[in-house]
Amino acid sequence: MKDLPSSFNLDPSSFIPDEYDNHIQRKLSNMKGQYLDQQAYAAKLADKDEILYQVYEIKRPEIEGEILHGISIVHPGKVGDEYYMTKGHFHTVLETAEIYYTLQGKGYMVMETPEGNFAVEELRAGRVLYVPPRWAHRSVNVSEDEDLVMFFAYPGNAGHDYGTIETQGFRKLVLDRGNGPEIVDNPRWSPVES
Ligand SMILES: [Fe+2]
């Protein structure tokens with residue numbers, strides 16, 4: 001890791017950084033219990049453990065004052081009626097925000113707070129999304145054939161809490177029941193007892 005000002009380039013077609021420190025690949029098997037249609041999930045997994053999304057991270061110290069950043073790429077596809085998506089998370093330090101700049105594709109950011117507020121914002125190339133402190137966030141690719149590519153940046157001390165979402169899910173799902181993307185209530189959503 002350099003401690004001098006530095007730059008990197010994004011490949012103009014793939015958007016993969018020419019320098020990065022960490023490459024995360026999340027597969028279908030990493031999303032157990034997250035998709036509504038569990039039968040469709042099991043059938044798809046039995047066929048192939050596909051890569052659903054990838055993250056290229058530029059490493060910085062995970063401390064206040066630093067900004068962690070990188071590129072996230074969600075591939076197109078569906079499990080049953082539900083579009084490919086990221087696991088989604090709260091930040092461990094709830095009072096930390098995040099910025100997303102969509103470089104390619106179309107989708108939605110599904111968000112909610114521990115207090116029960118929820119929001120769904122459209123993601124498309126050229127659009128910037130601000131996720132305020134306290135809002136859990138999950139990106140969903142609703143394109144039929146194009147990757148959803150975003151640049152992200154968040155405070156170094158934020159941390160990731162995946163467990164809360166793994167347990168309770170998000171209040172809203174993005175499904176295609178034959179007419180394109182629809183935002184619907186998650187019938188399985190239940191708040192974690194505090
Ligand atoms: Fe985040």
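User: What makes the arrangement of the 4 donor atoms around the iron ion irregular?

Analyst: In this predicted model, the 4 donor atoms subtend angles of 83 to 166° at the iron ion. A tetrahedral site needs all angles between 85 and 135 degrees, and the range of 83 to 166° does not stay within that, so the arrangement is not tetrahedral. The arrangement is therefore classed as irregular.

User: Which residues are the protein donors of the iron ion, and what makes them donors?

Analyst: They are His89, His91 and His137, each through NE2, and Glu98 through OE. Their distances from the iron ion are 2.1 to 2.3 Å, and the cut-off for a donor is 2.8 Å, so these atoms qualify. Along the chain the donors follow the spacing H-x1-H-x6-E-x38-H. Glu98 in strand E6 (residues 98-104) and His137 in strand E10 (residues 136-141) are 39 residues apart, a pair that links distant parts of the chain. Both Glu98 and His137 are buried.

User: What is in contact with Ala136, and why is Ala136 called buried?

Analyst: Ala136 has a relative accessible area of 0%; buried means under 20%, so the label applies. Ala136 belongs to strand E10. Apart from neighbours within four places in sequence, its contacts are His89, Phe90, Val110, Met111, Glu112, Ile165 and Phe170.

User: Why is the pair Lys78 and Glu144 called a salt bridge?

Analyst: The N to O distance between the two side chains is 3.7 Å. The limit is 4 Å between a side-chain nitrogen of Lys or Arg and a carboxyl oxygen of Asp or Glu, so the pair counts. Lys78 is in strand E4 (residues 78-79) and Glu144 in the loop between E10 and strand E11 (148-155), so the pair ties together parts that are 66 residues apart in sequence.

User: Is Lys78 buried, partly exposed or exposed, and what of Glu144?

Analyst: Lys78 has a relative accessible area of 24%, which lies between the limits of 20% and 50%, so Lys78 is partly exposed. Glu144 has 58%, over the 50% limit, and is therefore exposed.

User: What joins Asp3, Arg60 and Glu66 into one network?

Analyst: Salt bridges that share partners join these three residues. One of the bridges pairs Glu66 with Arg60 at 2.8 Å, N to O, and both of those residues are buried. The whole structure holds 11 salt bridges.

User: How do you know that the size of the protein chain agrees with a compact globule?

Analyst: For 194 residues, a compact globule would have a radius of gyration near 16 Å; the protein chain has 16 Å, so the two agree. The chain has 2 helices and 13 strands, and 42% of its residues count as buried. Among contacts with a separation of 6 or more, 68% join residues 24 or more positions apart.

Note on methods
Residues numbered from 1 in each chain as written. Predicted model: local features only at pLDDT ≥ 70, side-chain atom pairs only at ≥ 80, totals over all residues. Heavy atoms only, no water. Donors = N, O, S within 2.8 Å, 3.2 Å for Na, K, Ca; no water. Tetrahedral: all angles 85-135°; square planar, octahedral: opposite > 155°, others 65-115°. Helix = DSSP H or I, 4+ residues; strand = E, 2+ residues; numbered from the N terminus. Buried < 20%, exposed > 50% of the residue type's maximum accessible area, 1.4 Å probe, protein only. Rg over C-alpha atoms; globule rule 2.2 N^0.38 Å. Contact = heavy atoms within 4.5 Å.
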